[in-house]
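Reader: I have a sequence and a structure to look at. Where should I start?

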Amino acid sequence: MRILVLGGTRFAGAFFVEKALAAGHQLTAFHRGVTGSVPPGVTSVLGDRDPELGPGLEQLQGSHWDAVVDFSTSIPQQVEHAIQTLGRTERYVFVSSVSAYAELSESGCEESWPLSEPAGLEESVLSGERYSALKSGCEARVRHHFGERAWILRPGLMAGPRDHSDRMTWWPWRIAQGGATLAPTQAQSQLVDARDVADFLLLGLERGLSGVHNVVGPSMPLEQLLAGCEVLVRALGRQPARLHWMEGAWLEEQGVEPWSQLPLWTGSDPAEFGWTRVSAARALRDGLVCRGVECTLRDTLAWALESRPDGLSTGLDPAHEAKLISAWLAQERAQESS
């Protein structure tokens, strides 16, 4: 197949490019050249989807693609521009997010659940508050133009080596640092390895999949995930950090922010309950294979220890972490003596 990848220089996109190239497909990657490069054998076209920032997709006008795989935007206007500009494209694959759903307050979210009201073409600024609507708007543009030839993937939280968001990376990395750390009780996690997303995307292209697929891994208690981190760290000959399990409500009272300060923790907001309990039944039926979380943890930690010597971009500040542990232990002592 002749495949055009929009993006493809980092994380899941980079894994997909490598795998598709190894499978013998002809790849062209349109990217900014800012976050990485493409391997030899891939045609690299430098540009920006914002026409004010440099050469755009017009460079590719007149070409014919068996598939366009869009990793690189959450702006409906940019999706519309790509579709209008690229011309002859047999299929369009848009990598969206489970965030496109209108709400995730219940477990078992399936692909038929309602989406957020889609953002319109007039919205051109990426906003965290509008992220759900923007992803929904991107999907709407793809479906409008390609109908049954559209394929939309909705990954959950992607994890694995090369993840510079540090959302899952922080936990094995922090536990490998030793000392004392903390974790919220009764928290749930649901990860999918970016390499498994890339594998499923390539498999789906080769099999002609279309429609919508939630691409998520198994849901598990955070305690199970962190136990895996401890085992992994001991196997490396290190002493893992001592975990102090704290009630989520207490952490929120102390101003701890879910996701950014304690990655993978969604907090107590009922609207977030289903975020870590999404159904992957359709994708599993159609060929998604999820490697064990132990593999993801091992490879991610090895990558982080080698590539992130200065620490990570998310997680608790050490001083704040120590202060919280001290306050929690003081509270426990007070309760024991009362």
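This is a predicted model: local features need pLDDT of at least 70, side-chain atom pairs count only at pLDDT 80 or more; totals for chains, interfaces and linings use all residues.

Reader: How far apart are the end C-alpha atoms of helix 6?

Author: Helix 6 runs over residues 222-235, which is 14 residues. At 1.5 Å a residue, they should span 20 Å. The model agrees with this, as the end C-alpha atoms are apart by 20 Å.

Reader: Are the buried residues of helix 6 on the same side or on opposite sides?

Author: The buried residues of helix 6 are L222, L225, L226, C229, E230, L232 and V233. They cover an arc of only 165° around the axis, so they lie on the same side of helix 6.

Reader: Which residues are exposed on the other side of helix 6?

Author: Exposed here means over 50% relative accessible area. On the other side of helix 6, the residues that are exposed are E223, V231 and A235.

Reader: Which helices and strands do the buried residues of helix 6 pack against?

Author: Among the partners are strand 10 (180-184), strand 11 (188-193), strand 13 (219-221) and strand 14 (242-246). The helices that these buried residues pack against are helix 4 (170-176) and helix 9 (293-307).

Reader: Which helix gives the largest share of the lining of the second largest pocket?

Author: The second largest pocket has a volume of about 300 Å³. Of the 18 residues that line this pocket, the closest to its centre are T185, Q186, W265, G267 and S268. The largest share of the lining is three residues, and they come from helix 7.

Technical notes: Residues are numbered from 1 along each chain as its sequence is written. Side-chain values use heavy atoms; hydrogens and water are left out. Helices (H or I, at least four residues) and strands (E, at least two) are DSSP runs, numbered from the N terminus. The expected span of a helix is 1.5 Å times one less than its number of residues. Buried means under 20% relative accessible area, exposed over 50%, partly exposed in between (1.4 Å probe, protein chains only). The arc is that of the directions from the helix axis to the C-beta atoms. Contact means heavy atoms within 4.5 Å. On a 1 Å grid over the protein atoms alone, a cavity is a set of points where a 1.4 Å probe fits but cannot get out, and a pocket is an open set with protein on both sides within 12 Å along at least five of seven lines; lining residues have an atom within 4 Å of a point. Grid points are joined across faces, edges and corners, and a volume is the space filled by probe spheres set on the points.
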